[in-house]
Amino acid sequence: MRTDLDRVRNLGILAHVDAGKTTVTERILYATGTTYKQGEVHDGTTVTDFDEQERKRGITIYAAAVTCEWNDHRINLIDTPGHVDFADEVERALRVLDGAVAVFDGVAGVQPQSESVWRQADRYNVPRIAFVNKLDRAGADLDAAVSSIRERLGVRPLVVQRPIGREDAFVGVVDLVRMRALTWDSGVLSTGPAPADAHAQRHLLEEAVAELHPAAFEEYCATSALSDATLAAALRELTLSGAGVVVLCGSAKAMRGVEPLLDAVVAYLPAPVDVPAVRGTWNGAEVTRTADPAQPFAALVSKVHVAATGRLTSVRVYSGTLRKGDAVRDATTGRVERVGRILRVQADRHTDVDVATAGDIVALVGVKEARAGATLCTPGAELVLEPPSVAEPVVSVAVEAVRGTDTERLAVALGRLVEEDPSLRLRTDAETGQTVLSGMGELHLEVAVEKMRQSGGPAVTVGRPQVAYRETVTRGVSGFVYRHVKQVGGAGQFAHVVLDVEPYADGEFAFESAVVGGRVPKEFVRAVEAGCRDALADGPLGGHPVIGLRVRLVDGQTHVKDSSDTAFRIAGRLGLRDALRACTVVLLEPIVELTVTTTEETVGAVLGDLAARRGRVHGSTLRRGTVVVTATVPLVEVFGYATALRSRTHGRGTFSTRPTGYAPAPGVAV
């Protein structure tokens, strides 16, 4: 049954840093009449970049939600960060969205982080349309940008607009679906007939759509053309299935192309009722819920904001209806909480509403314990929805309170940070006793510490950044025997295990049982696996986590009285630790892909510096007087690179990074 949910769109704005995501969001708010002044990133006047650090740094750090209306449709929009250090913010946003607009720089095309966020959207099967921005800049080229979309993202771009004019002469677009010219003068839209050469471009679009869509193919074969209605319907279906990507173009800063982008959002991206039923589990069984207000309530927590004035819990409602004062159960923990208020979010401003229904993205007041990724549902109709994945941190810093009396305040402030941002981790160093904060990069940790200071936290000292190393096995052992025997009066502990340990290239860890004859019962096999997983936390080289390992339990013995789950778990943990000491183990360091854009005159200095940082250059591309160099570099060598690059390129060079995995660190093995 289709309802008013047909007129709801939950979408995100995705892109590489500086591609213009926030400007696109600001112009959407202005075009829809939500705001009456066009906010500018460089002036610090944007709606979604409302945090003090965002305005000071000129980048998006936190995913911010806003709501606007267009052609009788409600659009819930989330502006996401583009910097790699805040990729987990994008991950959490994508988990609760139905569609997305991917923004690409008209000069640079597909950049490293735009490729990364595209892959993130692939994991959640989020339908997307593309908007090639900044076509009024020198060097902007729609065809080159579309080629990079096709080649780097591996998708079929369906170009539905062509630019009118190039670079600073760009004044509008040709709409190939409705065959009309759209031009803007001082932000005011005018409509006219399509130019004569647009018919050839329309024909190419029809051919591309007919190749991908069976119904369009039949009409094209019969008439050698597609009607406007058939073309629009086919574009929508191809977008929803992911078989094609609609490509629009414009210049958000100049307010050119924004209105047709909104039309495309409504026309091609899905409503909540268009996406498959959400799937969860409860007591081992699969549970599905559709976007129906009459079904039991189910929502996923996407974000938590803890402030002195209270705690806001942002949720995406997948099914059912929630009213102010209702009790909800956190299916993850079993805790029942009462919703005090329901808020419609407009970045840092909120409006009270009495009811939230399926398809809504709202914030709740009164939910005191639920964390990001938790499922809230009607008591008695529980299910657990899949939470967004959380990446492992790669950089750590030691954080200490300047005054010893502030130690407790520091613990509370750091706990609040980790509660809001699951990609931050806290631990205590066993050797030094220091509190260690880990995150996705230098900037991520710098922003977190600064946020703690701004929110009234204690004065702190921060150590130098340290990368998060890993350990792995390059040569294993077979038939490693470990016996755990403990007798202190009464029932004792007995477990005997025989392990094979070997490298595992297909993942982080695998466990297998090759025990025959029931020599180790199945419940004890599970305990051995749990013990082995415990042992992975501390490797033999430096106590770093161990990855890339396969363990096979090949034999064992039990005692009729003294064997237990606990005994075999201990045997698995201590046995694997001893086995690792008998293996050849190497230290792994995180590696990033570094993309540097510089001038032709300074590329030699850049390449020399990359070689000194143990970088491996994979290629360089000449783009209208600039050179784009791509290399893989150990993360530890990227610390302080911004200053070095500015020095070597006279301030004209820029760079971006994205994680690519781990590689052996030189000269460290046992």
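What follows is a short chat about a predicted model.

Biologist: How far apart are the end C-alpha atoms of helix α6?

Modeller: Helix α6 covers residues 198-212, which makes 15 residues. At 1.5 Å a residue the span should come to 21 Å. The model agrees with that, as the end C-alpha atoms are apart by 22 Å.

Biologist: And which elements do the buried residues of α6 pack against?

Modeller: Start with who is buried there: Ala 198, Arg 202, Leu 205, Glu 206, Ala 208, Val 209 and Ala 210. Those buried residues of α6 pack against β6 (157-159), β8 (172-175), α7 (214-223) and α8 (228-241).

Biologist: Is the pair of Phe 104 and Trp 118 stacked or tilted?

Modeller: A search of the whole structure turns up 3 aromatic pairs, this one included. Phe 104 and Trp 118 sit 6.3 Å centre to centre, with 45° between the planes. Stacked would need planes under 30 degrees apart and edge-to-face over 60, so 45° makes the pair tilted.

Biologist: Phe 568: buried or exposed?

Modeller: Its ring pairs with that of Phe 524, the centres being 4.8 Å apart and the planes at 15°, so that pair is stacked. Phe 524 lies in helix α12 and Phe 568 in helix α13, so the pair ties together parts 44 residues apart in sequence. The cut-off is under 20% relative accessible area, and Phe 568 has 0%, so Phe 568 is buried.

Biologist: Which class supplies 28 residues of the second largest pocket's lining?

Modeller: That pocket has a volume of about 1100 Å³ and is lined by 50 residues. Of the lining, 10 residues are polar and 12 charged, while the 28 are nonpolar.

How values were computed:
Residues are numbered from 1 along each chain as its sequence is written. This is a predicted model: local features need pLDDT of at least 70, side-chain atom pairs count only at pLDDT 80 or more; totals for chains, interfaces and linings use all residues. Side-chain values use heavy atoms; hydrogens and water are left out. On a 1 Å grid over the protein atoms alone, a cavity is a set of points where a 1.4 Å probe fits but cannot get out, and a pocket is an open set with protein on both sides within 12 Å along at least five of seven lines; lining residues have an atom within 4 Å of a point. Grid points are joined across faces, edges and corners, and a volume is the space filled by probe spheres set on the points. Ala, Val, Leu, Ile, Met, Phe, Trp, Tyr, Cys and Pro count as nonpolar, Asp, Glu, Lys and Arg as charged, and the others, Gly among them, as polar. Helices (H or I, at least four residues) and strands (E, at least two) are DSSP runs, numbered from the N terminus. The expected span of a helix is 1.5 Å times one less than its number of residues. Buried means under 20% relative accessible area, exposed over 50%, partly exposed in between (1.4 Å probe, protein chains only). Contact means heavy atoms within 4.5 Å. Rings of Phe, Tyr and Trp (its six-membered ring) pair if their centres lie within 6.5 Å; planes under 30 degrees apart count as stacked, over 60 as edge-to-face and the rest as tilted.
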